[in-house]
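Visitor: Please take one part of this protein and look at it closely. I would like the local picture first, then how it sits in the whole chain.

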Amino acid sequence: MSDIRKLANRYELGDLIGRGGMAEVFEALDTRLNRTVAIKILRDDLARDPAFIARFRREAQAAAALNHPTIVAVYDTGEDIHGEGKSATNVPYIVMEYVSGTTLRDIVKSGRKLATERALRISIGVLDALAYSHSHGIIHRDIKPANIMITKNGDIKVMDFGIARALADTRATMTGGSTVLGTAHYLSPEQARGENVDARSDLYSAGVLLYELLTGQPPFSGDSPVSVAYQHVTELAAAPSTLDASIPKEIDTVVLHALAKLPEDRYQTAEDFQSDAERILQGIPTAASVAPKPKKMTTSSNSTRNKPRGNSVLVLLAVLGIFVGGLTVWLATQIFGGATGDRISVPSLDGLTVEKATVLLIDKGLTIGQISPENSERPVDTIISQIPQAGSQIISGGVVDVVVSAGKSKVVVPNLIGLLTVEDARRILSDKGLKLGPVAEIESDSDKGVVISSDPAAGTAVSAGTDVSLIISSGLKLIPQVVGLSEAQALTDLANLGFQVQILQQVVTDQIGSVIAQAPKPGTKSKEGALVTITLGVPPGTPIVVPEPIIPTETPSATP
């Protein structure tokens with residue numbers, strides 16, 4: 001009996017190649033398509049917690065929406081059953097592109113110094129990925145060397161968009177997101193202050209990354225994550241050329257512009273940052289400028305820049321307390337994995353604001369997770385439900401997701417991306433008081449009928465009864481090249497893609513037993529169930545059998 005662990009009767013797990021706070025990553029073989037993949041599996045001890053499962057599923061949905069050469073692709077998702085009977089646990093997993101190469105973290109730690117041109121080109125690749133994800137409403141939130149792969153061909157691949165959130169989720173902050181998102185050396189000032197985060201936060205982190213690639217060290221360092229984060233808020237980084245005289249002065253301006261403390265003072269889009277990096281390579285002047293040094297973070301200066309609601313001094317102290325507490329919880333989770341900590345009773349958050357709930361959870365040794373708005377007659381911005389429920393026992397450092405009232409005059413469009421059928425979307429929209437609008441199909445790698453996007457987008461507040469239109473996958477698949485293959489191999493390849501096969505015979509003197517022709521031709525896009533005719537070479541003297549005609553369940557598309 002084989003000891004190989006298999007998922008969905010398709011994926012054979014191999015070596016463990018990575019481990020994070022929530023999941024383990026294995027190299028695996030997709031036996032259906034005969035290709036190597038990477039599979040991220042939620043840790044068993046976390047799979048029993050509904051909050052962790054919800055976060056993991058959201059990771060799959062967010063990442064699956066991105067299809068770009070500089071982003072690690074997501075192929076499939078599913079759940080593996082661990083245990084039996086009442087003790088059985090459904091453990092979610094994500095099937096991803098397997099990338100052969102090394103991370104930038106390994107390169108930086110090796111002490112190898114990158115040439116200035118190479119550092120710029122790597123950053124251009126990262127910014128290309130960010131430009132694409134931002135255009136789809138997704139912020140990465142954790143750009144750092146460990147999340148960037150350099151393939152054996154020298155290409156750039158950005159990983160772990162799984163902890164990303166939609167741009168529309170403006171309430172998610174450093175402690176108001178799923179956990180403390182981001183690593184201290186690469187935190188943007190607004191992340192460090194616990195403020196709302198948008199795409200410009202990724203650009204700051206990309207600036208830190210470029211700084212480290214150029215100089216071999218991040219712009220700020222200290223004895224603790226708190227001291228590093230404080231420098232991100234209050235101190236200006238030294239110009240890269242002061243650490244390495246070979247770095248052109250023009251690069252100083254670009255890097256320091258990306259590291260501006262206020263989002264409005266730095267690059268506004270990834271395309272702008274990318275354009276200036278390319279200008280440096282071409283020897284063309286840039287329009288970047290360096291913002292003035294910010295004031296020290298005192299009560300007066302902080303309340304001037306971002307005036308908190310209510311008593312400004314108390315709110316500032318609360319934000320600082322959230323920041324320090326959040327970093328403590330995050331570090332404990334990263335170091336100990338959260339698997340062996342004490343179990344804590346989840347407090348009731350009903351009726352609290354997110355700010356008060358965050359402070360309460362940190363005081364208990366927990367942290368706030370997903371913050372989802374929902375139409376309700378309860379007071380706006382107050383918590384109306386939570387997962388896990390009050391009284392549940394979860395590990396220290398665990399996460400509590402909350403639903404916040406969006407008021408009764410508007411309805412928030414739910415996230416429909418990844419649903420398998422239009423009927424599922426119709427039912428969910430109806431439950432929210434919305435209507436299903438026009439449905440259009442596009443070509444996609446997803447299976448037929450899977451929801452690709454909605455209009456209005458998820459998280460948008462609209463009037464009750466609003467029509468929500470959908471774009472779904474047409475399910476078109478490329479017919480593979482089977483000429484030259486054996487009959488058995490051709491039938492297997494076509495059947496695995498869901499095509500029907502009709503076999504014709506032709507007498508030949510060579511290529512006997514192999515496929516000598518096929519129709520439609522390779523590369524044609526067809527729906528599942530389409531008929532593919534193959535012609536098999538047979539030796540002279542073989543009686544030619546005329547097959548019964550097959551009526552295809554789908555007609556092949558003529559699109560090459």
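Guide:

Ser201 counts as buried, because its relative accessibility is 1%. Buried means under 20% relative accessible area, with exposed over 50% and partly exposed in between, using a 1.4 Å probe and protein chains only.

Two notes on the source. This is a predicted model, where local features need pLDDT of at least 70 and side-chain atom pairs count only at pLDDT 80 or more, while totals for chains, interfaces and linings use all residues. Residues are numbered from 1 along each chain as its sequence is written, and side-chain values use heavy atoms, with hydrogens and water left out.

Ser201 lies in helix 6. Helices are DSSP runs of H or I with at least four residues, strands are runs of E with at least two, and both are numbered from the N terminus. Leaving aside residues up to four places away in sequence, Ser201 touches Ser188, Glu190, Gln191 and Arg266. Contact here means heavy atoms within 4.5 Å.

Now the helix itself. Helix 6 is mostly covered, with 17 of its 17 residues buried. From first C-alpha to last, helix 6 reaches 25 Å, close to the 24 Å expected at 1.5 Å a residue. That expected span is 1.5 Å times one less than the number of residues. After helix 6 comes Gly216, with a positive phi near 85 degrees.

Helix 4 (116–135) and helix 6 (199–215) are the elements that give two or more residues to its lining. The largest share, three residues, comes from helix 4. The lining consists of Ser123, Val126, Leu127, Ala206, Leu209 and Phe273. Five of these are nonpolar, one is polar and none is charged. Nonpolar covers Ala, Val, Leu, Ile, Met, Phe, Trp, Tyr, Cys and Pro; charged covers Asp, Glu, Lys and Arg; the others, Gly among them, are polar.

A cavity is a set of points on a 1 Å grid over the protein atoms alone where a 1.4 Å probe fits but cannot get out, and lining residues have an atom within 4 Å of a point. Points are joined across faces, edges and corners, and the volume is the space filled by probe spheres set on them. By this rule there are two cavities of 30 Å³ or more.

Finally, the whole chain. The protein chain has 15 helices and 26 strands. Of its 560 residues, 48% are buried. Among contacts between residues at least 6 apart in sequence, 67% join residues at least 24 apart.

Definitions and conventions:
1 Å grid on protein atoms, 1.4 Å probe; cavity = no way out; pocket = protein on both sides within 12 Å on 5 of 7 lines; lining within 4 Å.
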